[in-house]
Structure formats: C-alpha cells, structure tokens
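I'm opening a page for this one and jotting down what I look up as I go. Sequence and structure first, then my notes.

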Amino acid sequence: MRTRVFQILVVATLVVTHARAMIAAEPASLTHRVDELIEAALPEFSQHASTDCTDAEFLRRVSLDLTATIPSAHDTRHFLDDSRPSQLKRSEWIDQLLASPAYARRMQYLLDWILMERRTSENIASAGWQTYLRQAAAENRPWDQLANEILVETGSEPKTRSRARFYLDRDFDLTVLTRDVGRIFLGKDLECAQCHDHPVVDAYLQRHYHGLKAFLNRSYLFTDPKSKKKSIGEKAEGVVTFTSVFDDTTGKTAPRILDLAEILDPKGTDKQYVTKPSKSARGIPKYSRREQLGLAVTSEQNRAFRLNIANRLWAAMMGRGLVEPLDFSHPDNPASHPQLLELLGDQLHDHAYDMKWFLGQLVRTRTYQRSSRPVDGSADIANTHFAVGLLKPLSPEQYAWATMQATGVLSAARTIARKQLEDQAAKQKAKSNKKPDGNKAKEPAKTSESSANSSTSAAPPPAALTISPQALEMAVDKALQGHVTTFVTQFASGGGQRTTFSATAPQALFLVNGELFRGWLKPSSTNLTGRLSKLNQPSDIAEESYIGILNRQPSVSEQAEVAEYLAAAEDRTEAIVELISALLLSAEFRFNH
Amino acid sequence: MQRDHGCHRIDHSLSRRGFLASGAVAGVAGLCTPGVAKEIDKKQKRVLQVFLQGGVSQLESWDPKPGTLYGGPFRAIPTSVPGMHISELLPHTAQRMHLLSIVRGINLKTNSHHDGRLFMEMGRRAGEFPYMGSVAAKYLMPNDAPLPGYLHVTTRGLTDDTHAFLDARYGQLKLAGHKVPDNLLPPKTVSNDSALRSRALLKRLNTRFAGRGGQKSFIDSYNASFEMAEKLMARRALFEGEPSGQDLDRYGRHSFGRNCLLARTLLENGGTVVKVTHHGYDTHAENFNFHLEQLGEFDKTFCMLLDDLHESGMLESTLVMIYSEFGRTPKINVRYGRDHWGSAWSIALGGQGITPGAIVGATNTDGTEVSDREVDGGHLFHTYLQALGIDSTEYHTLGGRKVPIGDPAREPIGELLA
C-alpha cells in the first residue's frame, strides 16, 4: 500500500511542478474569468450563491469527476486531517488526480459515452476501442486530433481498426451517421431537417443535413469475402440532391459544414480510383470525401466544433450544459451564458484542445467548488445560474467504481493485480538475469515477496518499483471489467451524454436484492464489512462506514443513529451488512453532490 | 420524397425481424386465474392502453375506403353496430364494436414518430408535460395501491420521462414483456426484520439528504424507484407461474398474447394504468402484408382481453384506448408501403365514461383529409380524462404554481362522453 501511494505521489509531484509553471505563466486564468462571467450574469448573484463547499464535499466531488471513483478511506482521512489552507490542499489534490492513471480511466468512460452513446458492440470488439480511448486519454491526446482520427478511419488496417467503431458500430448507416456527426461533433441535431427545413428550428436547414451527408454518401460498408470483416470502402462518384417534402424545392450540395463553403472535388478525380470497388476489393478513390470530413469538422472556421466540446465538458463537470440539450444548439435555444461558452470554446481551441488542462481549470473555479446546498428561497434561480453545486447522478461507471471502492472490492482486486504483476516482473527478471549470470536468478522473487509489507528491509530495490501505476491500473480494469459492464447494463439510460436523471424499479431491485451487489457486502478479510465487524465501539463503526462510503465524518446525531441501529439488532454482522447497504443505497451516495 | 431507407429514430424503425424474434422467445408468464376479478373494487377506475407502435394504418383498420383510389386491397365488413364498417382485418373486433367507439377525424399536423407520440400522450404539441397515463395515475391511484400506478408492458426499452413535473411515483414503470422482473427475491441471508430496519434507515437518510436541497426531481425519482421496487417484490406471485393452457389458446402463445394476459392480471390486481405496446406498424414497405400479419395478431388477442374485462364487469370502470402516434398515408408508395400520416386518421376508445358504438368525425372519400369534426391530441387528452371523471380543465397545483391539466385551447369531444 505504502509503495503505491509513494509512487503516485512521485509521479504527481513531477507533474504538479510542471503544471504550476504553466498556470503561473498565464495573465488572467480561465478559472478566474469563468467565475467573473458566471457571477456577472445574475444581478445580486451573491445573494443567491451558495457558500464554498466543505473539504469533504470537494474531495468526493472532484475525485468522481476526474477519476470516476470516490477516494479511499485512507485518502479521505488524510485529506480531511491535513490542516493546511483549503485552497492549497484542494489545488494539490486536483493536480494529483489529473496526474494519476485513473484520470485516463475517467476520460475513457466519458469519451466512450459521448462518442458511442451506449451502442452495443457489433463489428468492433469493445475492448480494442476502450484501449484506444484509454491510451488517447493517458497521452492527453487533443480532442481535434481524436475527432480527426475517428472520422478518417476506414477500419482496414489492423493497427488502427478499433477507431472505426464510431462508423462500423453504426453499421455505416448514412442517416444515423449524418445525424450523429452533427450531434456529437457539432452539437446540432439536424435529423428533422432531412426531409425539409427543420419544422421548429428555423436555423436548421435541409442543406445543412445534406451538406454533412455529402461527406459520407460515397462511402459504404465493405465486407471482405474471405475474412468477413467489415470496413469502409468509398466510391469516386455520387452526388447529394434533396427535395423538400413541403414545397418541392430542390437542392444539390457538395460536402460542406453548415454554412461554410462547399468543398468541391478536385478536378480530374471523378471516377478515379486507387482501387476500384468490387465484390472482393474495398473501393479506394483517388480523392476521398470522407477524409475531408475529419479536416472540415475540426477546422479553424468551424466554430461549432469548439463550442460543442466546451459545452459537453462543462456539462460533465458542472451538471448542466450551457446549452441544453447538449445536441440542440441553435439561435432559438441559445446558451444560458453565451459569452462564457464562446470563451470556453476559444480557450480550448487556443490551448490546442487540451482537455486535461481545460478540466483542471474548470474544477478550480469557485463555480465548481460551491456547496450543493442552496440558499433558502434561491434554489430555482441558483440552479439555472450555476450559483449552487448541482447534483450529478453518478454515471454507471462512476457508480460501479465508487461502490467497489467503498466496499473494498477495488483494493482487494488491486492487491491481487499487484501481486500478479510483481510475480511476472520477478519471473522476467529471473529470466534475463539467468542469461548473463545464472546464480542471481532467485533473488528478485524473494524481494517481491517481502516487499509487500516490509519497509525496513535493506534489500535491493523491490521488484514492485518496476510496475508502473498505469500498468497496475490497467490490470485492475481488466479484473473488474465484468462488474463495470454489469453496472452499465443496469444503469445506463439509452443514448448519449445528458444531464437528466431517472431511476427505475429494476435498478432499485438490483441494488436491494441483486447477487452481485449483495455479494460485495458479505464479510471477508478484505472488505468493508469485514473491517467494520472487527470494531467494537459503535462510534468507530459509524466513523469508519461514513468515511469509507460517504467520505465524510458522521455528525453527532448520525453517530447516535448508528449506535441505536446496532444496539437494536440481534445479529451484529447482519446489522453491519444492512447498515452498509443503507449507506450505499442512500441518495447521498447515488449522486455527486 | 428522397429518404434514406427510412427514418432511423429508435421509435421509428419497422422491425419485422425483431417482432418475429420476440414472438419466438418463449418465456414464463405469471398470471392469475379468472375469478380474482370478482373481488375487484368496481369503483376504482382504471385505464388500459393498447399502443400500436409505428403508426397503424387507418385504412386497414378503423376507416377503410375499399374501392377508392388509395383504398388498398382489403374490404370493409359490417360490425355489431348497424351501419358501422371497419376493415376485414379486424373480424373479431368487428363483432364487439358495440363496446367501442371510433374517432375518425384526427389531424395532428405532424408526421414525426416522436412528435406524434408526444402529442398523443401529453395532449400538447410541445413542452414538458406529463403523459396521460401519469396524469390518470396521479388522480386515480389510491394511496395504498398495491402496484405502481402506471405500468407499461413492452418488448422494447425506450426510456420515456412520462411524469414530467408530477411526482416520480406516477412515472411509467416498464416491464420487459411478460418475463418475471429480475431480482424480485430478497437475499436469503437477510431476515425480514433486518431488511425492514435497513429500509427504514435508508428512508431516514434520504429524507435528510432531500432536506438539504438539490434538484428535487432527481431525489424524487430515486426514492420512487425503491417504492416501486417494494411493490413489485410484494406482488411477485403475479409475474410467476404459467398462464393456463386455456388462456394461451384464447390469447395466443406469441408475446403480444402473453403481454395482454399480464395486462389483465395487472388490472385485476390493482394496476391503475396499464399500457401494452404492440410493435411493428411502421410499414414503409409491404404495408398490406404487414397489416395482415400484425392486425391478425392484435385482433383476436385484444378481443379476448376486452371480453374478459367485459365479463368480469371491469370494463365499465376501465377506459380502453387503442391508439398510435399517427396513421399512414393514403398514397401507396412504390414499395407497397404507406408512409407517416398525422393528418387524417383514427383511434378507438371504449369502457369507462365513453358512449359506445359511436363514430365521431370523418375523412373525405379518398381519405386524404378530415371532412368532419377535426380533432387533435389536445381534444383526445381532455376526452380521456373527462371519461375518467377527472376535470381536465382544472389545474395541477405544484407548490405555488398552477399548470392546466389539459390544453386550455382545446376541449373534450362531448359527444363521446357517456
């Protein structure tokens, strides 16, 4: 345990120093300007604004938002006991989270939700896609680059095939793709402009829909006759025309993004192929319209691209988009804070679409760090003006990881994963040592065994040090993937990123009676139930359970409530299980607050 | 019109494959035996909604036009109401039209699945309003109701926010067809007493958390999910066990038959609003074959359910609605399909508060427009609620705010109200 914390801290400190230097260099930080704009948007803002959240609220909130899980009991205590000024320790904690491997995990989930919208895996294995996103997040790959990679991918090269999931698991259905490119990358749902100018939204025109479609309409789903693998082929001809079902006006369009200029095919490329499409060969044109889509969507001129991602990331941190619904941006549905949205989009663009930097800025704002308790009588106005911290339902993934963290499933899995990696590392070391010098073979195995608990041993650097935090977390992911999938199946409402919430009876039944969830509560040597069962004092049980599950100290009356609860029970272990169950099922746990 | 092989909204796609597959899956249905119905409180008003998803063709159902330009191949047949004819695809229903009435002049002015469905459910063209089922649950459901107030038996899991600003306990609970909901059994290791105490503690925790503020609708929805779960657990027996062979013979062994048997059980056991969805009417291609097949399944099954409600005496206190999000174009397209058509179509109603055997409204000779007594989703919404004795011109009161129950610019179809 110690070793791990130490490792994370080392990595974190390095990055912290680096990040600090960057922030200090900026004249007026984005953080500061966000708060100014939010507070200027409502007269007498301060009257309606909630106070700063507590350290405990902050710790839980930001850990969920940046690493998809709640902090461990150990980290919670450490943070709450830290007597340095709040702002200092908060800022350090943010740096630490952003530098941790779990940040990449959170971003992997968020990007998957945004891009795949809970679609089932059909043509591309989900694991490869998740690995691709994870790696991109770990490298902090810029959003425009990511978007471009996904939009130009054909799926024909094994090395990059996973990226084609965006297209292939939509079966390269032209209607679905045209709509989803508009929604996911531009924040505009143009579907109802397919057959006529949008009936309700004046600014969504039929030519917008068909301009997007023209990037894609020459492409098609190609099935390799031998491997049966699907990929995307493209023809070197085909035009998009459209007729309004209302007034029979017709139009014809080359590829174009909204009202930007049409992108005309270069001369002499009509019907020119690198590979002519046939039953056995994937069509490759000399000039690909689809390749232009990635460039055009992410281009400097296309402001919708930057505003969309700024709005989506804002919504993920703040609980509501500046534009809501997130895919319905148009003049009659303006942003609640238009100037702010422009600023966020431009800053993201100017920082080369660095999402990690952007999120780091957002969570440092006063706006983000406000209490979720509204000022009396101001709840409604505060909700719409970001003057109070909004409740955010945990995403299915956050819910899974938070539950596994609280119950001890996570730390048990991590212990096993570390042991396995250490054993592997030891074996490998033994192998490589054997070659030059056979008699050293035994040593590494010995140290790895002793390294788990002993810090006093003067043995040579333990094998554990060769295990990167990233590798460890990947191994933990692999071990717990099944549970995360179960939570996604159970708790994901269909469709893409949104900030609404609706709970169902089947979900409640899963929590109350489900075998998986109940199994985590059975006492074991490694879980929370086991830990609590060893405590004698009701006040210790109250403290440990509140810290471990809700990441805060229980109040005096809550301590009394726990004591009373335990005193009235016939079977103590059963009572502890049910106490944990109640805390896990509480609304306080279900929401990020 | 150029269209990319059909609109692909999730509620839009015609799924013959999905439909056939779901029919082929045999499941365990738990249904009570007849006789229970005798003990039912006849004063309790209920709603049975049969939703024909995708948009049933009015020309192949309630408003046939044989021998006209767009009439299609099917004939009209006489019904148990002298002078009333419906499509020959509904022979069983035809014999029971003295229990039902038809509204033939519906014009929604939209051809979108999404907008049409919301207009038919909310009685409003736009905005966030509760579905009729949630409104009915709110005003009809007794405090001690044994089941959640608004149950939807469907083989597809579209998520609808049906309660809008009403309390989340009036939101729709979806049941995945007739299969027994998962996780209904409490863990064996927990004593009853212990489970009760844990639940009481949870309630206290959540009341405290709600007291600190935050979006009320989130917390309400979360709490309501546990309330509903408790009710389902307590009535587990309703979902278990196989329906009798006799019932299966009558209703059919396909999933719609089993779903309707479950609907009957739910209504007999204290369900307030029960909706059953029959999927697969979005017939952009092969309209006639599909309607032959789909309505063939609907007709007999629905009539068995109607008979059972009638014979047990429940029909007079149960509003029955057979509806869609819209109808289908008179014009037949090149694929022998009919497309979306909200401009002149029909629904059928019966039971509680409805004058039976009536036809209200009409379309012109070719069925291309409404020629008499045009109504829309707003009029229908008022009519459903008035039939249930709910004054739809009144207001929902929400804290200090008042929201008209029905659209104040619309009124009920008076001639339909008994």
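Predicted model: local features only at pLDDT ≥ 70, side-chain atom pairs only at ≥ 80, totals over all residues.

**Notes on helices, domains and the chain contact**

I began with a helix pair: α2(A) and α15(A) are roughly antiparallel to each other. The numbers behind the call: helix α2 (residues 30-40) of chain A and helix α15 (residues 338-350) of chain A pack at an angle of about 165 degrees, and angles over 145 count as roughly antiparallel. Their axes are 10 Å apart. I also noted the handedness, and the crossing of α2(A) and α15(A) is left-handed.

Which residues of α2(A) meet α15(A)? I listed Leu30(A), Arg33(A), Val34(A), Leu37(A) and Ile38(A) on the α2(A) side. Across from them, α15(A) puts in Gln339(A), Leu340(A), Leu343(A) and Gln347(A). Sorted by class, this contact has 6 nonpolar, 2 polar and 1 charged residues.

Next I looked at α16(A). Is helix α16 (residues 355-363) of chain A largely enclosed or exposed? I got 8 of its 9 residues as buried, so this helix is largely enclosed by the rest of the structure. The buried ones in α16(A) are Met355(A), Lys356(A), Phe358(A), Leu359(A), Gly360(A), Gln361(A), Leu362(A) and Val363(A). I then checked what they pack against: α2, α4 (55-67), α6 (86-99), α9 (143-152), α14 and α15 of chain A. So my antiparallel pair from above, α2(A) and α15(A), turns up again among the partners of α16(A).

Then I moved to the domains. Chain A is split into domain 1, covering 2-104 + 306-391, and domain 2, covering 142-297. I have their C-alpha centres 36 Å apart. Where they touch, domain 1 of chain A gives 16 residues and domain 2 of chain A gives 13 residues. Which helix gives the most to the domain 1 side? I found helix α14 (residues 303-318) of chain A there, with 4 residues.

Last entry: the two chains.

Technical notes. Residues numbered from 1 in each chain as written. Chains lettered and ligands numbered in written order. Axes fitted to C-alpha atoms, helices over the stretch in contact; angles between N-to-C directions. Helix = DSSP H or I, 4+ residues; strand = E, 2+ residues; numbered from the N terminus. Parallel < 35°, antiparallel > 145°, perpendicular 65-115°, else oblique. Left-handed = near helix turned anticlockwise from the far one by under 90°. Contact = placed C-beta atoms within 7 Å. Nonpolar A, V, L, I, M, F, W, Y, C, P; charged D, E, K, R; others polar. Domains from an automatic or database assignment. Buried ≥ 20, exposed ≤ 12 C-beta atoms within 10 Å, placed from the backbone.
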